[in-house]
Amino acid sequence: MTSQDWEVLVLAVVVAVTCALPGVYLVLRRMALLSDAISHSILLGIVLAFFWVRDLNSPVLVLAAGATGVLMVAMVEALHRTRLVKEDAAIALVFPALFSLAVLLISRHAGDVHLDVDAVLLGEIAFAPFRRWVVGGIDLGPRALWMMLGILAANLLFLLSLHKEMKVATFDAGLAAAMGFSPVLLHYAFMSLVSVTAVGAFDAVGSILVVALMIAPPAAARLLTDRLGLLLPLAAGIAAGSAALGFFGAILLDASIAGSMASAAGLVFAGVLLGAPERGIVAEVRRRREQRLEFAVRMLLIHLLNHEGGPREAEENRADHLAGHLRWSRDFARRVVRRAVREGQLERRGGEGLALTPLGREVARHVMTR
Amino acid sequence: MTQGPPEPAIEVNDLTVAYREQPVLWDVDLRIRAGALTAIVGPNGAGKTTLVRAILGLVAPAAGQVRILGQPLARVRGEVAYVPQRGTVDWDFPTSVLDVVLMGTYGRLGWFRRPGRREREDARSALEKVDMEAFADRQIRQLSGGQQQRVFLARALVQDARIHLMDEPFQGVDARTERAIVDVLSELRSRGDTVVAVHHALQTVPEYFDDVVLLNVRRVASGPVPEVFTEENLRVTYGGRVPFLARGEGPGAPASESASGPALDPRPDPPTGARE
């Protein structure tokens with residue numbers, strides 16, 4: 001790897017972590033899609049600020065973009081408050097309006113603006129090392145990296161210092177308001193932070209993929225823990241891992257780094273969704289199968305108990321009859337018998353015959369009397 | 001100066017709250033006696049929750065004012081604790097029982113300061129009072145409805161307030177929780193605190209509360225239970241269909257209300273997650 005590759009990798013990790021931190025609260029506040037809306041509408045701020053300062057690296061762009069994000073949130077709320085449209089519709093109405101205006105402006109002035117729509121949508125992190133920050137002849141590294149580190153610091157400062165305020169405002173806005181922590185103020189401060197984060201990530205991964213980085217790692221972390229305190233570091237770790245995975249994937253496939261990062265974030269989420277120890281799909285399926293088998297064993301014990309000593313015992317209490325009588329598949333019946341035998345509740349009597357052990361009899365009686 | 005009656009804990013003057021010109025509360029005047037347990041009762045849509053939220057400054061009134069301990073709310077915020085309906089929060093939120101109770105201390109901590117050991121001790125002893133100390137480290141997702149309500153109650157206790165506003169604390173709780181709540185209420189009263197609770201089960205009003213406010217958009221009546229909680233007043237409040245009387249404790253009430261009326265209590269405790 002060249003030093004440029006290293007710079008891109010570090011930037012990718014920093015971008016991913018910076019996005020994942022506010023993403024945790026977006027997920028908890030059920031506002032995941034607002035990140036999509038914000039990341040699109042900030043483009044208008046970027047374009048307008050660019051026309052003004054004529055410099056794509058100016059911090060004015062970040063501020064203007066942040067302001068448009070907040071403006072978008074305010075417009076959505078104003079529209080929603082009229083009660084003429086629902087909130088999801090309000091979001092879907094406002095952000096395309098701002099975004100399309102930005103796209104119009106870019107295409108109208110395509111000649112003299114170094115913004116093109118492809119780069120806006122997808123970003124190009126591979127170019128980041130070419131824009132250096134040089135102070136007094138000393139090369140300090142890619143500008144984008146410094147900007148992102150600044151935004152990361154702002155995110156950490158906000159989320160750590162206002163941890164309890166954000167927690168109570170998210171869990172119980174009524175209580176937060178009654179205690180004098182204005183949930184509205186916190187909401188707008190947080191939305192400004194999301195907007196600024198989206199602007200920072202925009203250069204690297206564009207306005208569409210930033211959503212993947214904001215939502216996928218926190219959503220995966222949420223499946224792994226029930227502790228808010230663990231959620232932030234876990235989401236950050238998953239984000240960093242996804243970014244690194246995506247970076248090497250892109251080199252391997254010779255493909256877009258941003259696309260690869262977002263895909264990796266999605267794959268990691270899918271992996272967690274399947275494999276999370278408690279809430280994952282595999283664990284859930286296994287739990288259900290286990291319950292089903294356990295229930296079937298009880299059913300079998302009761303069946304055997306009912307026919308024990310009866311006239312048709314020899315006929316009923318046979319392993320090869322279970323399939324017909326209890327409507328189980330042969331394979332399932334065999335598994336149930338094997339399990340009951342292993343648990344010492346059942347004995348085989350000469351080939352297919354089945355008999356309850358004293359323990360099995362006791363379990364069956366206990367189950368029935370409950 | 002002449003000696004007037006003792007200052008009310010909460011004073012509501014000419015309070016009108018409207019949603020889009022539709023009045024939810026219409027010119028309500030109210031004095032809540034300090035040191036008493038007061039129930040707010042009324043039919044669905046009577047504005048009970050809105051009244052509580054307006055007292056807390058959570059909804060903006062169209063007219064009127066609220067004074068708490070003779071002062072505007074902003075000056076005495078720390079003296080007021082709030083127990084919202086437990087359905088209004090997300091019980092899947094990733095946090096523990098102790099953490100939810102600790103939220104009650106946030107108000108006195110103010111901005112930025114974190115709860116420390118003293119707050120933790122307060123929270124644990126509040127959990128003890130509602131018989132939930134064994135659940136301190138449990139995830140809130142795993143609580144039953146009654147347990148959730150007791151956690152909310154513990155959270156109100158650590159607020160160290162003098163006035164407690166509760167929105168349907170008895171709603172959908174098991175018998176054990178109901179007892180725990182009653183115990184806490186009487187402890188609060190013996191401490192000299194004021195409790196205002198939105199309440200649905202009319203038949204328990206005389207047993208649990210000292211005062212009652214009968215509300216149906218307007219204030220129908222308010223005052224000590226023996227004077228105000230009369231058949232006549234209830235009939236006016238509930239528009240002639242009084243679920244309480246339908247239970248055979250009053251003459252001439254229609255019997256059809258008993259099945260669906262709000263007076264059915266204690267109701268079974270619906271589990272909202274895995275039980276212990």
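User: Which residue lies over the face of Phe332(A), and at what distance from the ring centre?

Analyst: A charge is said to sit over a ring if NZ of Lys or CZ of Arg is within 6 Å of the ring centre and within 35 degrees of the ring normal. In this predicted model, Arg292(A) lies over the face of Phe332(A), at 4.5 Å from the ring centre.

User: What should I keep in mind about the numbering and the values?

Analyst: Residues are numbered from 1 along each chain as its sequence is written, while chains are lettered from A and ligands numbered from 1 in the order in which they are written. Because the model is predicted, local features need pLDDT of at least 70 and side-chain atom pairs count only at pLDDT 80 or more, whereas totals for chains, interfaces and linings use all residues, and side-chain values use heavy atoms, with hydrogens and water left out.

User: How many aromatic pairs does a search of the whole structure find?

Analyst: Rings of Phe, Tyr and Trp (its six-membered ring) pair if their centres lie within 6.5 Å; planes under 30 degrees apart count as stacked, over 60 as edge-to-face and the rest as tilted. The search finds eleven such pairs over all chains. One of them is the tilted pair of Phe171(A) and Phe93(B), with 5.6 Å centre to centre and 45° between the planes. This pair crosses between chains, from helix α7 (residues 163-171) of chain A to the loop between β5 (80-83) and α2 (97-102) of chain B; helices (H or I, at least four residues) and strands (E, at least two) are DSSP runs, numbered from the N terminus.

User: Are Phe171(A) and Phe93(B) buried or exposed, and what is the relative accessible area?

Analyst: Buried means under 20% relative accessible area, exposed over 50%, and partly exposed in between (1.4 Å probe, protein chains only). Phe171(A) counts as buried because its relative accessible area is 2%, and Phe93(B) is likewise buried, at 2%. Trp91(B) and Phe152(B) also form a tilted pair, 5.2 Å centre to centre with 40° between the planes. That pair links distant parts of chain B, 61 residues apart, with Trp91(B) in the loop between β5 and α2 and Phe152(B) in helix α5 (residues 145-158).

User: Which residues do the ring pairs link into a cluster?

Analyst: The cluster consists of Phe171(A), Trp91(B), Phe93(B) and Phe152(B), linked by ring pairs. Trp91(B) is buried at 12%, and Phe152(B) is buried at 0%.
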